[in-house]
Amino acid sequence: MTVATVDVSTTDVLAWLRRTRGQRRRKLGKVVYGVYLAAIIIALYGYPVFDWVRRTLGGTELRADTGPVVVRSLLPALAGLVLVALGVFVRNARWRGPVVLGAADVGWLLPLPLDRGRVLRPRLFTTAAITAIAGALVGLLGAAVLHALRPATGIALVVVLTAACSLVGVLGVSVALLVEASPRLERLSQRWSAVPLLLGALLVVVAAVSASTGGRPAWIDDAVTWSGPWGWAAYPISTAGRADAVGTGALVALGALTLLTLLAAAAAARACGSIPTQSLRVRARTAQGVGAAVFMGDARQARLSIRASRAQAGRARRRVRLPGSPQFVVMWRDLTGVLRGPGQLGWTATFAFGSIGIIAAGAAASTDGTPPILLIVVAVLLGYGAAASLVETGRLDGDTPQIASQLPMKFSGIAVRHAVVPSILLAVIGCVGWALGVALEPGLGWSGMAVVVLCAPPLVAAALFNAYKGRLPLELVVSIGDAGVFILAGWYIVGPVAALAVLTPVIVQAFNAAKDAAGVGPMIADVAVAAVATTAAGLMAVAARAGSRVAPPREGGLLGLAKKG
Amino acid sequence: MEDGSDGPLLTLVGATREYGDVVALAPLDLQVQPGECLAVVGPNGSGKSTLLRLMAGREIPTAGQVTFAGGRIDENGPAVRERMAVVAGPSAFYPDLTTREHLEFVALGHGLPDVEEAVDDALAWARLTEHVDKFPAVLSAGQQQSLRLAAVLVRPRSLVILDEPEQHLDPAARSRLADLLRAETDRGVAIVLATHQIEVARTAADRALVLRDGFAGALSRDDLASFDGDL
């Protein structure tokens, strides 16, 4: 069989498509409308924010006393933020990527024998241009902050900083395209993409610590600066305050960043033509799903769409040993979930340590040893976040009850069992966090650890209650008119609000009771009674909600539409 | 698995399902005996899935009643869950459990004495032994359907409800499915099977219920052999 050679002009086909669909006119209209909206938003909100930043940071005290220290800490902070931004570009490339086609283009345009590079490159360039502009705006904002902190900062630094941020945007898009085009890089990014995020966070912590302690060894700055493009992008900021020039070092760093960005952009432009069709198909489907979910205000569905696009390939190497009794099947399932998604523990630790840190800092700063109520509220919300990170398996059951429905237990009973493993894990992580807190600030005392342990079950119950809300009902969005946004907000925040309502008074009472002469024993007993009562009430609510998720409908389907087999 | 009772396993008395003005299932009287395989056939929109949802307790009839082993159907009740296996509706899997772990989850939850052996046998039946450590999302549609059917094998059952079980299966897997259905009824398990494939119904069913616009007609095994209606 002979295959006919094709000589199709990609430019002609694309031009015909644009003409026929009136795409150019519509696109131009969209661009004009977008620019108009952006101008309005910047005019209405941008300048006041800019002015507020200038006025807030421009106080004499900050400039004279702490300004130089803060400016110096900006180098690792900015390098960390750039590293985080690059990590986010790579992570997003795994489900979206800089080049996303519509479903119709995937179905009709891609199968044609066209030069795929010429089809896809304009999309890459558009994304890169938008990102470069966004980067430049961020750079300008940063320069405004710098100017407020160090009025002597010259215009040269403003230019260099703006250019550096813009280049970082283009570099991020280019790297993301390379990930999108290469299954091997995609696999690597799946394994390692958390590393830049963690390192970036570490650099931000270094910046915060050095800002509070007043300095750090110079070799840290050198190491950060010349460790990669994040350091090159951040280096010019260390010259803030000089009116004359940004210095040779900064120019060298900017030159290196420019060169790397150009190389990456060239590689990305070349790789455009080799993006696998399957990759484009999955991204088109995911982007469509996420867009629809975001439009409906359904964050959970958006997350599930992204997760579905990252279907776990390969094989599971580690397993949790089967328990001996069916009574432990849900715990086994929860432990397996943690094993397969260890990031849950990382988020839990982050939230829990943050919560304990806020309580500790608030207690240390107050005169009577009780943190301000606002800090307690923030700490409880962070504690709720820690618990919510651990109930993913319950959330999956709430999304699709039919899997767990195969077990010979009531669905409500399964929901309640989902509280056991997260409560234990949260209590253990909380204890570790408290122990670290006591090590840093001995005044905290060990009795607080008991309170941390006792707070874990009610927090998990509140998180599970939210987890079993299931998917956002369409009725809620389409039939509630002007009150929709409030009902939608209520749909999401009922769990955190329940946690706040229950635990804030308990913690306030605990701090008050700890000051009494009676000692910590009665305080812990009081907290234990409150924790048991609220956990029991919370789990009853979870059971009722889970039961309602599987209750057979008596009436017609959604919005009265007929449902037939 | 023997039911242990003499009467019918599943009974519908005047069971009706309406959605507003639309009659999805007209009043239906039906009994399913232990060890019997009932096929439910009919074109799209005829009410097959509605009937199966009523039988599984996933919907409540707007009139009449459905009973399982003499008691009211409650899908959420342990009695029904312990004895009724249902493969219907869109497939759903845990994204973080492997093929093997899905079966272990069901087997362990039902307290099978030898979970490993039961799971190994079910995996072998489903031809998934090579894929035990894979996640279901990377299995083909046919393999996913085989996994759903294999989950029936790792749990106790006296009634199995299957909605188009032949979907996505290749001819060899369909043949294994037919053998399995016969083996199940030989063990006293009752089967209700909705299908578009008249061949599947002919091979496995003792009798059939033909649905058209919610109204049912009965076919014996002999009727099925000569039935050439539009499905």
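pLDDT is the predictor's confidence in each residue, from 0 to 100. This is a predicted model, in which local features need pLDDT of at least 70, side-chain atom pairs count only at pLDDT 80 or more, and totals for chains, interfaces and linings use all residues. Residues are numbered from 1 along each chain as its sequence is written, while chains are lettered from A and ligands numbered from 1 in the order in which they are written.

**View 1. Confidence in the two chains.** Chain B has a mean pLDDT of 88, with 95% of its residues at 70 or more. For chain A the mean pLDDT is 83, and 85% of its residues reach 70 or more. The complex receives an ipTM of 0.83 and a pTM of 0.77 from the predictor. Two residues are in contact if their C-beta atoms, placed from the backbone, lie within 7 Å. Over residues 1–5 of chain A, pLDDT stays under 50 and the model has zero contacts beyond four places in sequence. Residues 556–565 of chain A also stay under 50, and for them the model has 28 such contacts.

**View 2. The contact of chain A with chain B.** Chain A contributes 37 residues and chain B 43 residues. Helices (DSSP runs of H or I, at least four residues) and strands (runs of E, at least two) are numbered from the N terminus. On the side of chain A that touches chain B, α14 (329–340), α18 (401–404) and α24 (520–550) each supply at least two residues. α14(A) gives the most, with six residues.

View 3. A residue is buried if 20 or more other C-beta atoms lie within 10 Å of its own, exposed if 12 or fewer, and partly exposed in between, with C-beta atoms placed from the backbone. Nine of the 12 residues of α14(A) are buried, so this helix is largely enclosed by the rest of the structure. Among them are Trp332(A), Arg333(A), Asp334(A) and Arg340(A). The cover over the buried residues includes α15 (343–365), α17 (392–399), α19 (411–417) and α20 (420–440) of chain A, together with α3 (99–109) of chain B.

**View 4. Helix α11(A).** The expected span of a helix is 1.5 Å times one less than its number of residues. For the 24 residues of α11 (residues 248–271) of chain A this should be 34 Å, and the end C-alpha atoms are 34 Å apart, which agrees. Buried residues of α11(A) include Leu254(A), Leu257(A), Thr261(A) and Ala271(A). The buried residues pack against α5 (116–149), α6 (155–181), α9 (218–225) and α10 (229–234) of chain A.

**View 5. The nonpolar cores.** A nonpolar core is a set of buried Ala, Val, Leu, Ile, Met, Phe, Trp, Tyr and Cys residues joined through C-beta atoms within 7 Å. In the largest core, of 143 residues, Ala387(A), Leu426(A), Leu464(A), Val40(B) and Ile161(B) touch the most other members. Helix α21 (residues 447–467) of chain A gives the most to this core, with 15 residues. A second, separate core of 66 residues includes Leu101(A), Ala181(A), Val224(A) and Ala271(A).

**View 6. Strands of chain B.** Two strands pair if DSSP finds at least two bridges between them. An open sheet of four strands has the order β2-β1-β4-β5 in chain B, with antiparallel pairing. Its edge strands are β2 (22–32) and β5 (71–72), each pairing on one side only. Strand β1 (residues 10–19) is joined to β2(B) by seven bridges, and Leu12(B) has Leu30(B) as its bridge partner. β9(B) and β10(B) form a hairpin with two residues between them, and Asp213(B) in the turn has a positive phi of about 55°.
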